[in-house]
Amino acid sequence: MNHLLTMSGLTLNEIENILHEAEQFSEGNSWKVDHQMFVANMFFEHSTRTRNSFEVAEKKLGLEVLNFYAESSSVQKGETLYDTVRTLESIGINGVVIRHHENNFYQELVGKINIPIINAGAGTGEHPTQCLLDLLTIKQEFQTFKDLNVAIVGDISHSRVAHSNYDALTRLGANVVFSGPNEWQDNTGKFISMDEAVREADVLMLLRIQHERHAGQMGNSKEEYHQAYGLTIEREKTMKKHSIIMHPAPVNRGVEIADELVECDRSRIFKQMQNGVFARMAVLKRAFETQKINELTVQL
Ligand code: CP
């Protein structure tokens, strides 16, 4: 079963295959399922990019899409995630895309559910399809990950994007460092000052403050945060000529990045969103192509 749960669960070979497939899709290649198959998008947390780019990717692949809304479902009557997914499997859904507030939500499903599960963002844990679209964007720019200096800046400890990217980029040979407020460091990776991160990075990956995962109030005002840890107009001038700015979005303009820089020449923020469709097409193809082979094997 070709689930996609974490980046660390993928071998380097599997990552390279998914990126290759995503590149093919970005160049106009197409692939479609050859019989009716259903996929359910189950979002237990809010989303704009991930939900909609999954839906576009699914429709491009000829999948029938069901959008499951937790707030109007029997989850509100106490039904568990397992019983919900088991129900969808019983009524003929062939795969599920799930965003959930629990880091390890998939543990109650794997081995019990016989359809592919794709993690569309899990708490503060992992966001593997965001990572794959980030890798695709970096690869398009630099052709390689080896020895690239990648600085991930901001709310590291609450960021599933930081965790997935640290794992994958490190294994692919990049030098990954973190920067931002000390209280949001976690135990992974080297931490450097914001000014050093901006000067040294080939890829400067900015993160938003995950207010929804913070127990208390933020100490700094937005302006104070911007001056201390944000990409200001002045800091951007110290970036290397070829360096790029990335951000998984949503962006808080004027906080982690100056409003004017969101769409500047070195920003790849909207390119990342475009690549999200291609990366998700590749992930879905991997999941549904294998399922078809499994179904045929069962029939034989
Ligand atoms: N980057 C990302 O996951 O965006 P959404 O929360 O809008 O899906």
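Colleague: What do β1, α2 and β2 make?

Modeller: In this predicted model, β1, α2 and β2 form a β-α-β unit that is right-handed, meaning that, with the strands pointing away from the viewer, the path from the first strand over the helix to the second runs clockwise. Helices (H or I, at least four residues) and strands (E, at least two) are DSSP runs, numbered from the N terminus. As for the ground rules, local features need pLDDT of at least 70 and side-chain atom pairs count only at pLDDT 80 or more, while totals for chains, interfaces and linings use all residues. Residues are numbered from 1 along each chain as its sequence is written.

Colleague: In which sense do β1 and β2 pair?

Modeller: β1 and β2 (residues 64-69) pair in the parallel sense over six bridges, where pairing requires at least two DSSP bridges between two strands, and Met42 has Phe68 of β2 as its bridge partner.

Colleague: And how many bridges join β1 and β3?

Modeller: Five, again in the parallel sense, with β3 covering residues 95-100, and there Val39 stands opposite Gly95.

Colleague: Why is β1 largely enclosed?

Modeller: Because five of the six residues of β1 (residues 38-43) are buried, that is, 20 or more other C-beta atoms, placed from the backbone, lie within 10 Å of their own.

Colleague: Changing topic, which domains is the chain divided into?

Modeller: An automatic or database assignment gives domain 1 (12-127 + 274-299) and domain 2 (128-268), and their C-alpha centres lie 27 Å apart.

Methods:
A residue is buried if 20 or more other C-beta atoms lie within 10 Å of its own, exposed if 12 or fewer, and partly exposed in between; C-beta atoms are placed from the backbone.
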